[in-house]
Amino acid sequence: LTLVSVQVGIQPFLTERYVPRDGIKSSIVIIQEFVKTFCCFIVLLVTGQLLNVIRSWSFTSSLRVALTPAIIYCIQNVLAYYAYLQLDPLTYNLINQSKIIFAAIFL
């Protein structure tokens, strides 16, 4: 939980420092997704679950289960990147973390 807090706190500053403002937004989001996928493979490999996951995986079941959330998540990443560019880091974090409060209220 502490590491997540640190990551959420420094992510806007790192993005502002290392990601060019005139970069291609879709390429940046795709690179983010590849890094996340690579990290997931490493975790599966370290825990010994990689072969079980590969054996039970099928393209059609993956599309049926994950296509809609994946599209929404990619759109959210593109919009978050635009928010990074338009807002200062503190404002972005406050707005971004308000989703937790709204989820608690409406659930």
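1. The expected span of a helix is 1.5 Å times one less than its number of residues, where helices are DSSP runs of H or I with at least four residues, numbered from the N terminus. Helix α2 (residues 25-47), with 23 residues, reaches 33 Å from its first C-alpha to its last, close to the 33 Å expected at 1.5 Å a residue. After α2 comes G48, whose phi is positive, near 80°.

2. On provenance, this is a predicted model, in which local features need pLDDT of at least 70 and side-chain atom pairs count only at pLDDT 80 or more, while totals for chains, interfaces and linings use all residues. Residues are numbered from 1 along each chain as its sequence is written, and side-chain values use heavy atoms, with hydrogens and water left out.

3. Buried is taken as under 20% relative accessible area, exposed as over 50% and partly exposed as in between, with a 1.4 Å probe and protein chains only. By that criterion the buried residues of α2 are K25, I28, V29 and E33, and what covers them includes α4.

4. From helix α4, N77 is buried, with a relative accessible area of 11%. Contact here means heavy atoms within 4.5 Å; leaving aside neighbours within four places in sequence, N77 is in contact with V29, Q32, E33 and K36. The C-alpha atoms of N77 and S26 are separated by 9.2 Å, although these residues are 51 apart along the chain.

5. A nonpolar core is a set of buried Ala, Val, Leu, Ile, Met, Phe, Trp, Tyr and Cys residues joined through side-chain atoms within 4.5 Å. The largest one has seven residues, namely I28, A80, Y81, A83, Y84, L85 and Y92, and helix α4 (residues 59-86) gives the most to this core, with five residues. Not counting residues up to four places away in sequence, Y92 touches P12, A80, A83, Y84 and L87.

6. Rings of Phe, Tyr and Trp (its six-membered ring) pair if their centres lie within 6.5 Å, with planes under 30 degrees apart counted as stacked, over 60 as edge-to-face and the rest as tilted. The structure holds two aromatic pairs. The pair of W57 and F59 is edge-to-face because the ring centres are 6.4 Å apart and the planes are at 70°; both W57 and F59 are exposed.

7. The other pair, F102 and F106, is stacked, at 6.4 Å centre to centre and 15° between the planes. Both residues lie in helix α5 (residues 89-106), four residues apart, about one turn of the helix. F102 counts as partly exposed at 46% relative accessibility, whereas F106 is exposed at 67%.

Terms used: Helices (H or I, at least four residues) and strands (E, at least two) are DSSP runs, numbered from the N terminus.
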